[in-house]
Amino acid sequence: MTIPDSVTSIGGWVFDGCKSLTSVTIPGSVTSIGDSAFGSCVSLTSVTIPGSVTSIGAWAFSRCSRLTSVTIPGSVTSIGEWAFNGCSRLTSVTIPGSVTSIGRGAFGACTSLASVTIPGSVTSIGESAFGGCTSLASVTIPNNVTSIGNDAFGSCRSLTSVKFEGTIASAKFNRSAFYSSGDLRDKFYATDKAKGTPGTYTRPYNSNTWALQL
């Protein structure tokens, strides 16, 4: 599928459920990708998002179960709720420094996602943003993040290293943010109960006990 360069926006649900669509090239004229624009395109293996796009809508590429990689351009400022949720073959994603918010469930249930780059521009990580990413082994929470939502990294059973570059007020760090991954939140606030202690926290695989690496 080649979208003509006369198109400036891709509306909601336009290609939703196109099960035979294998690839799509989005022209540089497009500035926004609507809600569920390519949702449930189960044969889609690759997509090129041009540098003209500033927003990716809710569910935009959700349940694209054969999508293996995606590059989000530096023009994008927000990743919508559930945008890539259920992309079970997505192994890596680079989030550009232009992004300030990662929506609820944006990369949830991306069970093959082994690495993710969260840029320093991000200030909030939404509810279930990476929940169920069972292959994710490590993550760095940048200095500018001031809130982490419920189940943001829940059920990430392979997560054994989390680096906090800054502090987060306890009221903005949901108690279930790392649900099923042990006592990470409690360890983070063990020294400073108001803001937490920056540093790298690790745990052995299958252990529920985190330790701050000194």
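Select alanine 109 to begin: this residue is found in the loop between E9 and E10. Those labels are DSSP runs, numbered from the N terminus: helices (H or I) have at least four residues and strands (E) at least two. Before moving on, know what you are looking at. This is a predicted model, in which local features need pLDDT of at least 70, side-chain atom pairs count only at pLDDT 80 or more, and totals for chains, interfaces and linings use all residues. Residues are numbered from 1 along each chain as its sequence is written, and side-chain values use heavy atoms, with hydrogens and water left out.

**Stop 1: two positive phi angles**

Stay on alanine 109. Its phi is positive, about 60°, although alanine 109 is not a glycine. Is it buried, partly exposed or exposed? Alanine 109 counts as partly exposed, at 31% relative accessibility. The cut-offs are these: buried is under 20% relative accessible area, exposed is over 50%, and partly exposed lies in between (1.4 Å probe, protein chains only).

Now select aspartate 151. Look in the loop between strand E13 (147–148) and E14. Aspartate 151 also has a positive phi, near 60°, and is a residue other than glycine. Its relative accessible area is 21%, so aspartate 151 is partly exposed.

**Stop 2: the sheet**

Show strands E6, E8 and E10. These three strands form an open sheet in the order E6-E8-E10, with parallel pairing. Strand E6 (69–71) and E10 stand at the edges. Each has a single partner strand, so one side of each is left without a neighbour in the sheet. Neighbouring strands here are turned by 5° against each other on average, direction ignored. For such angles, axes are lines fitted to C-alpha atoms (for helices, over the stretch in contact), and angles run from 0 to 180 degrees between N-to-C directions.

Zoom in on E8 and E10. Three bridges join them, and the two run parallel. Two strands count as paired if DSSP finds at least two bridges between them. Pick serine 92: its bridge partner in E10 is serine 115.

**Stop 3: antiparallel pairs**

Next, select E14 and strand E15 (residues 199–202). They pair in the antiparallel sense over four bridges. Phenylalanine 164 stands opposite glycine 199 in E15. Continue to strand E16 (residues 211–212), which is joined to E15 by two bridges and runs antiparallel to it. Here threonine 202 has alanine 211 in E16 as its bridge partner.

**Stop 4: the core**

Select Phe38, Phe61, Phe84, Phe107, Phe130, Phe153 and Phe164. Of the 63 residues in the largest nonpolar core, these touch the most other members. Strand E12 (138–141), strand E14 (161–164) and helix H1 (184–188) each supply at least two residues of this core. A nonpolar core is a set of buried Ala, Val, Leu, Ile, Met, Phe, Trp, Tyr and Cys residues joined through side-chain atoms within 4.5 Å.

Centre on phenylalanine 61. Which residues does it contact, leaving aside neighbours within four places in sequence? Among them are Ile33, Phe38, Leu44, Phe84 and Cys87. Contact means heavy atoms within 4.5 Å.

**Stop 5: a buried serine**

Go to serine 40, in the loop between strand E3 (32–33) and strand E4 (46–48). Serine 40 is buried, with a relative accessible area of 18%. Its side chain makes a polar contact with the side chain of arginine 63 (2.9 Å). A polar contact is a pair of N or O atoms within 3.5 Å; within protein, one must be able to donate a hydrogen and the other to accept it, and residues adjacent in sequence count only if both atoms are side-chain atoms. Leaving aside neighbours within four places in sequence, the contacts of serine 40 include Asp16, Gly17, Cys18 and Cys64.

**Stop 6: the salt bridges**

How many salt bridges does the structure hold? There are two. A salt bridge puts a side-chain nitrogen of Lys or Arg within 4 Å of a carboxyl oxygen of Asp or Glu.

Select arginine 104 and glutamate 81, whose side chains meet in a salt bridge (3.1 Å, N to O). Arginine 104 lies in the loop between strand E9 (101–102) and strand E10 (115–117), and glutamate 81 in the loop between strand E7 (78–79) and strand E8 (92–94), so the pair ties together parts that are 23 residues apart in sequence.

Finish at arginine 175 and aspartate 186, which also meet in a salt bridge (3.2 Å, N to O). Arginine 175 lies in the loop between E14 and H1 and aspartate 186 in helix H1, so this pair ties together parts 11 residues apart in sequence. Arginine 175 counts as exposed, at 61% relative accessibility, whereas aspartate 186 is partly exposed, at 46%.
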